[in-house]
Number of protein chains: 2
Amino acid sequence: MNIEVRPKPAGGINRSRLAIADCDIHHSPRDFKLLYPYLEARWREHLDLFGQRPRQGNANGPQFPKSQPDASRRDAWPPGGGRPGSDLDFMRTHHLDANNIELGILAMIRPHPGGYQNLDLSAALCRAINDWQVAEWTGPEKRLKASIVIPYEDADASVAEIERWVAHPDMVQILLLSRTVEPLGHRRYWPIYRAAAEAGLPIGIHAFGNGGTPTTGTGWPSFYIEDMIGHSQSCQSMVSSMVLEGVFAHVPALRVVLIEAGFAWLPSLAWRLDRVWQNLRSETPAVTRPPSEIIREHFWLTTQPMEEPDHAAHLADTIGWIGWDRLLFATDYPHWDYDDPQQALKLPTTPDQRQGFFLDNARRLYLGAA
Amino acid sequence: MNIEVRPKPAGGINRSRLAIADCDIHHSPRDFKLLYPYLEARWREHLDLFGQRPRQGNANGPQFPKSQPDASRRDAWPPGGGRPGSDLDFMRTHHLDANNIELGILAMIRPHPGGYQNLDLSAALCRAINDWQVAEWTGPEKRLKASIVIPYEDADASVAEIERWVAHPDMVQILLLSRTVEPLGHRRYWPIYRAAAEAGLPIGIHAFGNGGTPTTGTGWPSFYIEDMIGHSQSCQSMVSSMVLEGVFAHVPALRVVLIEAGFAWLPSLAWRLDRVWQNLRSETPAVTRPPSEIIREHFWLTTQPMEEPDHAAHLADTIGWIGWDRLLFATDYPHWDYDDPQQALKLPTTPDQRQGFFLDNARRLYLGAA
């Protein structure tokens, strides 16, 4: 038999006192990158590009591609410091002047505090952001108009915030995110729609957000790519909900803009809605005409990220179905998946179609221009 | 002041004992319809048609339209008794003979026990259903082939069930439902795909099921119509997951049939997948070619419920993109939203396209016919 030699405890152990076993001690690398020497190159590169993506994905926190920090174009970082999109002077030269932007609609999404669980914090931050937008952005720069961010999970507080801005010429839209606690057709959100219609402002619904349910109807996906794709599916559910719950019968003047959700999925969704509604319409008596008609009348869509099928004719068919008067050009500046106005809409078009797509549809919707 | 006269307790109270307040007593109408005299006509009709739909919707239980009991055509109830689809002799005359069905693929969904939480019960019921299918359906009726139902949340038990049927000529497909505990690209399901490819059988994924997450990425919808629409969105997420997780790089011979999920949404999904993958492909190194190519190669789709746009040309474009060799005609007999073969495919087509659509695509996929 071997005789077991028990190692001496390390220095500092006082044998005259009871020695302790502590079974939950937390250590941590001073910097996450100190783990890199222990990782294969493939995963170092992955982490630099996509971040760690804990469970529940991108929606749950700021896990944006690290090689495009802040999910932004590398050239969009202001030379004077600060995050992309945080320096008005730099945005003027880098984007507005360079791209001949006559009308720029600001859509605040980082942060958009509308989905925060502390409703009073949500409302307070929305008020602060709105005041800041007018004081520091639309006041000094007349090409820019802003969107009123609202604490959308609290309808009363949202209405109060909308009423604070009624008739303010710099506020041209009311901004929500698309993934809410319940689908956006539900009645808890109707006071917001009534207030929007009374104020004469469209509701802009920007893709993303997190209402607590998985991005997809089959659970949490693994990849950032799936987060990017999945938001167009949750927007399909959201459009179905708004149409079928009778929102537009209740608020006939409501106009809705879908922002950064894509648009090529809209025709097939409307075909399917029409067919099922024809068979089962008594379930939703507030919907008295085909869903496709309601969609054509009440929805606008921003163009970025524009779908790019192999055959441009397929895209032209899709836009024709949605309506050339319903698409609003958008770049998503300063984000990495930016659509360049010089490259967008590589299709045969009429001058009227291009004029509407790039400028006039937005002027009509947001400014009431003829 | 009024003098309060306390009513006497009703008969049976024994004042010599302590009288009791019981604060949780349950009563119930003998029959739910005894509440109808207290309801407006509109809601009586609604309940007859759609049932009660408790929270979490149709997916959570047998809440099918009551005026089409069992969600079935009224004329599909066998004269000799039993549920629609439960009487082989009646199905022969009422459907197979009447519609000249040469090959009928049985897809057992009521029940499909694959998502049950007790995994051993799930496996036992799947075994029973498969034995019953061969003994009582495909044995006596050679026009019918069956799908192996598997306990898909338990990959090992699923593989065992698939292996029990390898090379059985009546079993031509492995059947799952679309809404699973995790998206179907996840590795927990890969042993099923390997076993399917080894058995030379396609995986059929039928819309519906409930893995515990809401039907949509924005929460639980209110209407049966939304359940019908929402499943095509969860199938979009499911296709994205299978493509991006690298299932088809891992199992190159895998063939997947999407059943009752619609198909018109597939082109726009593929455009979006291609675009995002082009920008971010290093996140998914197992995906070495555009997602649209993978989809074109590995996916088939049944036709019911066929989208019916105003312009049939849009549907023809859509089918052209998916591939005329990839659609498999299906009626969904005996369910209420049945597609009649006499009415389907009202499009200009070539004889080859019709032959493939109505028969040969299925013969090639399921029977290996040239």
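Helices here are DSSP runs of H or I with at least four residues, strands are DSSP runs of E with at least two, and both are numbered from the N terminus.

Before going on, some ground rules. This is a predicted model, in which local features need pLDDT of at least 70 and side-chain atom pairs count only at pLDDT 80 or more, while totals for chains, interfaces and linings use all residues. Residues are numbered from 1 along each chain as its sequence is written, chains are lettered from A and ligands numbered from 1 in the order in which they are written, and side-chain values use heavy atoms, with hydrogens and water left out.

Let me begin with chain A as a whole. Chain A has 11 helices and 7 strands. Its C-alpha atoms fill a box of roughly 95 × 55 × 45 Å, taken along the principal axes. Of its 370 residues, 55% count as buried; buried means under 20% relative accessible area, exposed means over 50%, and partly exposed is in between, with a 1.4 Å probe and protein chains only. A contact means heavy atoms within 4.5 Å. Among the contacts in chain A with a separation of 6 or more, 71% are between residues 24 or more positions apart.

Next, how the two chains relate. A rotation of 180° with 0.0 Å of shift along its axis superposes chain B on chain A, with an RMSD of 0.1 Å. That is the relation of a two-fold axis. The superposition is by least squares on the C-alpha atoms of residues with pLDDT of at least 70 in both copies. As for the interface, 99% of the interface residues of chain B are also interface residues in chain A, so the copies meet through the same surface.

Now the sheet of chain B. In what order do the strands of the open sheet stand? The order is β1-β2-β3-β4-β5-β6-β7, 7 strands with parallel pairing. β1 and β7 (327-328) of chain B stand at the edges with a single partner strand each, so one side of each has no neighbour in the sheet. Two strands count as paired if DSSP finds at least two bridges between them.

Take strand β2 of chain B, residues 144-149. All 6 of the 6 residues are buried, so β2 is largely enclosed by the rest of the structure. Leu144(B), Ala146(B) and Ile148(B) point one way from β2(B), and Lys145(B), Ser147(B) and Val149(B) point the other way. On one pairing, 3 bridges join β1 (residues 104-106) of chain B to β2(B) in parallel, and Gly104(B) has Leu144(B) as its bridge partner. On another, β2(B) pairs in the parallel sense with β3 (residues 171-177) of chain B over 4 bridges, and the partner of Val149(B) is Leu175(B).

β2(B), helix α4 (residues 155-164) of chain B and β3(B) make a right-handed β-α-β unit. Right-handed means that, with the strands pointing away from the viewer, the path from the first strand over the helix to the second runs clockwise. Helix α4 of chain B holds Glu161(B), a residue that is buried at a relative accessible area of 4%. Leaving aside neighbours within four places in sequence, Glu161(B) is in contact with residues including Ile148(B) and Val149(B), both of which belong to β2(B).

Further along the sheet, β5 (residues 256-259) and β6 (residues 299-302) of chain B run parallel, joined by 3 bridges. Val257(B) has Trp300(B) as its bridge partner in β6(B).

Finally, some backbone details. Most residues other than glycine have a negative phi, and most peptide bonds are trans. Glu260(B) has a phi near 60°, a positive value, and is buried at 8% relative accessibility. Asn100(A) also has a positive phi, near 60°. Is Asn100(A) buried or exposed? At 68% relative accessibility, Asn100(A) counts as exposed, and its place is in the loop between α2 (88-97) and β1 (104-106) of chain A.

There are cis peptide bonds too. One joins Tyr333(A) and Pro334(A), with omega about 5°, and Pro334(A) lies in the loop between β7 (327-328) and α11 (351-367) of chain A. Another joins Arg110(B) and Pro111(B), with omega about 0°; Pro111(B) is in the loop between β1 and α3 (119-138) of chain B.
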